[in-house]
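User: I am new to this structure and would like a short tour of its side chains. Could you take me through the charged residues, the nonpolar cores and the aromatic rings?

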Amino acid sequence: MGDNAVPLLVVDGANVVGSVPDGWWRDRRGAAERLRDALVAVAGQGLPGRGGPLDVVLVVEGAARGVAGVPGVRVVAAAGSGDDLIVEVVRAARAERPDRDCLVVTADRELRARVGALGADVTGPRSVRP
C-alpha cells in the first residue's frame, strides 16, 4: 500500500466528483481523470493542516473504472461498491500499521462512520477539489 511512514489519503472519487454540478455526468471518466490529476499536487504538498507528501489512493467505480494511476496517485477500481473498497483500503492500512495516519475524503455519512470506526479521520470533498 505504499510508504507506511507517509500518511494515507483515500479519496471517494464518485462522491468528490459528484460534489460539484459541473457537468461531470456527461463524462464520468473524464471527471475522474481531472480529479486524479488535481490530486497529484495534493500528494506532494499535502492539505491544510497535513503537510505532504501523502500516499494518495483514488477509489473509482462504475464508468470511471478504466482510469489509470499516475505518479503520486494510485487509482483502485471497485468491482462493486466503492464505499466497501474504501473501507477495505483503510482496514488493510490500519492492520499493516495501526498508528498510520489515515484520512478519507467523502461527504457520505455512512462511509464517514464506517472508516471513523477504523480510526481514520474524515474530511469533505472541498478539501481536494481543484
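User: What should I know before we start?

Analyst: This is a predicted model, in which local features need pLDDT of at least 70 and side-chain atom pairs count only at pLDDT 80 or more, while totals for chains, interfaces and linings use all residues. Residues are numbered from 1 along each chain as its sequence is written, and side-chain values use heavy atoms, with hydrogens and water left out.

User: How many salt bridges does the count come to?

Analyst: The count comes to ten. A salt bridge here is a side-chain nitrogen of Lys or Arg within 4 Å of a carboxyl oxygen of Asp or Glu.

User: Which residue does E33 pair with?

Analyst: E33 forms a salt bridge with R29, with 3.3 Å between the closest N and O atoms. Both residues belong to helix α2 (residues 28-45) and sit four residues apart, about one turn of the helix. Helices (H or I, at least four residues) and strands (E, at least two) are DSSP runs, numbered from the N terminus.

User: What about R91 in helix α3?

Analyst: R91 meets E88 in a salt bridge at 2.4 Å, N to O. The two are three residues apart in helix α3, about one turn of the helix. R91 has a relative accessibility of 38% and counts as partly exposed; E88, at 41%, is also partly exposed.

User: And which residue does D55 bridge to?

Analyst: D55 pairs with R100, the closest N and O atoms being 2.8 Å apart. This pair links distant parts of the chain, 45 residues apart: D55 is in strand β4 (residues 55-60), and R100 is in the loop between α3 (82-96) and β6 (102-105). D55 counts as buried at 10% relative accessibility, and R100 is buried at 2%. Elsewhere, R50, D101 and D121 are linked in a network of salt bridges.

User: Changing topic, which residues of the largest nonpolar core touch the most other members?

Analyst: Among its 23 residues, they are L9, V11, L39, V56 and L58. Helix α2 gives the most to this core, with six residues. A nonpolar core is a set of buried Ala, Val, Leu, Ile, Met, Phe, Trp, Tyr and Cys residues joined through side-chain atoms within 4.5 Å.

User: What does V56 touch?

Analyst: Apart from its neighbours within four places in sequence, V56 is in contact with several residues, including L9, V11, L39 and A43. A second, separate core of 14 residues includes V10, V57, V104 and A120.

User: Finally, how many aromatic pairs are there?

Analyst: The whole structure has one aromatic pair. The rings of W24 and W25 have centres 5.6 Å apart and planes at 80°, so the pair is edge-to-face. Rings of Phe, Tyr and Trp (its six-membered ring) pair if their centres lie within 6.5 Å; planes under 30 degrees apart count as stacked, over 60 as edge-to-face and the rest as tilted.

Technical notes
Buried means under 20% relative accessible area, exposed over 50%, partly exposed in between (1.4 Å probe, protein chains only). Contact means heavy atoms within 4.5 Å.
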